[in-house]
Amino acid sequence: MKKIIISFLVKNSNAIKFLSVILNVVASVALIMWLFNKDITIHKWSLDKEALFVILTSVAVLLNQFHKWLLTEAEYSPAYALALGYVNNFIEPVIVQLIEDGIKTPLVYIYRPKAISELYKTNIDKTKATIKNMQFDLTELQLNLKHGRARDILTIQKSKTKKVFFDFPNTLLSLSAYIDYKTSSGANQFNDKEKVKLTEELFEKFYSKINDLTKEKNLDEYIKYCDKKLDFTF
């Protein structure tokens, strides 16, 4: 339910912020008139100041909570932006091209790291070596995409008839600077555990957004994830 509410709030964020400010102002006016025992009359109708203040304050608190959720959600906007670019500029064009090339149901594994360091070149090379040591053929395939610029994707082959595709989402490396900024700026002096937590939360938002986007585009049946355990299903 909260996810649905947040989705609605994001689409109507400006209206929520404006309404929140208006209600806070009106509630403050009602409080002042209540304290000075002034009557509130609208078209000859006298309003109960205490009841009005309670109602307005309750609604304002609710809107403030919604605003707080929006601010929290904005914390993860870089992850959402990266996921959007990754799906639109890479995943979707690659899957479409593979299907057009005659592969009816291509399966693309997306690597899911726990730490940014897993995407450093040395660790990627180590992961590739591990895949080869698992007796899989690992090759790099260059796709000349009709719906985007040329892209490289890894092919993992178990046999002539069993093959999957694999990609390291290097776009996540872009979050490194953002995480460093958020965990070292001003009052936000995070310790290492909090930095790890922020990284995990951003990664979770990134992959959650990928799930949402691939479902919207009917691409989810072609997508799977794997971590450093490298559990592939052919």
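**View 1. What lines the second largest pocket.** By class, this lining splits into nine nonpolar, four polar and five charged residues (Ala, Val, Leu, Ile, Met, Phe, Trp, Tyr, Cys and Pro count as nonpolar, Asp, Glu, Lys and Arg as charged, and the others, Gly among them, as polar). The model is predicted: local features need pLDDT of at least 70 and side-chain atom pairs pLDDT 80 or more, while totals for chains, interfaces and linings use all residues. Numbering runs from 1 along each chain as its sequence is written, and side-chain values use heavy atoms, with hydrogens and water left out.

View 2. Of its 18 lining residues, the closest to the centre are Phe90, Asp152, Asp167, Phe168 and Asn170. (A pocket here is an open set of points on a 1 Å grid where a 1.4 Å probe fits, with protein on both sides within 12 Å along at least five of seven lines; lining residues have an atom within 4 Å of a point.)

**View 3. Phe168 and its ring partners.** Tyr111 and Phe168 make a tilted aromatic pair, 5.3 Å centre to centre with 55 degrees between the planes. Phe166 and Phe168 pair edge-to-face, at 4.9 Å and 85 degrees. (Rings of Phe, Tyr and Trp, the last by its six-membered ring, pair if their centres lie within 6.5 Å; planes under 30 degrees apart are stacked, over 60 edge-to-face, the rest tilted.) Phe166 is buried at 0% relative accessibility, and Phe168 is buried at 6% (buried means under 20% relative accessible area, exposed over 50%, partly exposed in between, with a 1.4 Å probe and protein chains only).
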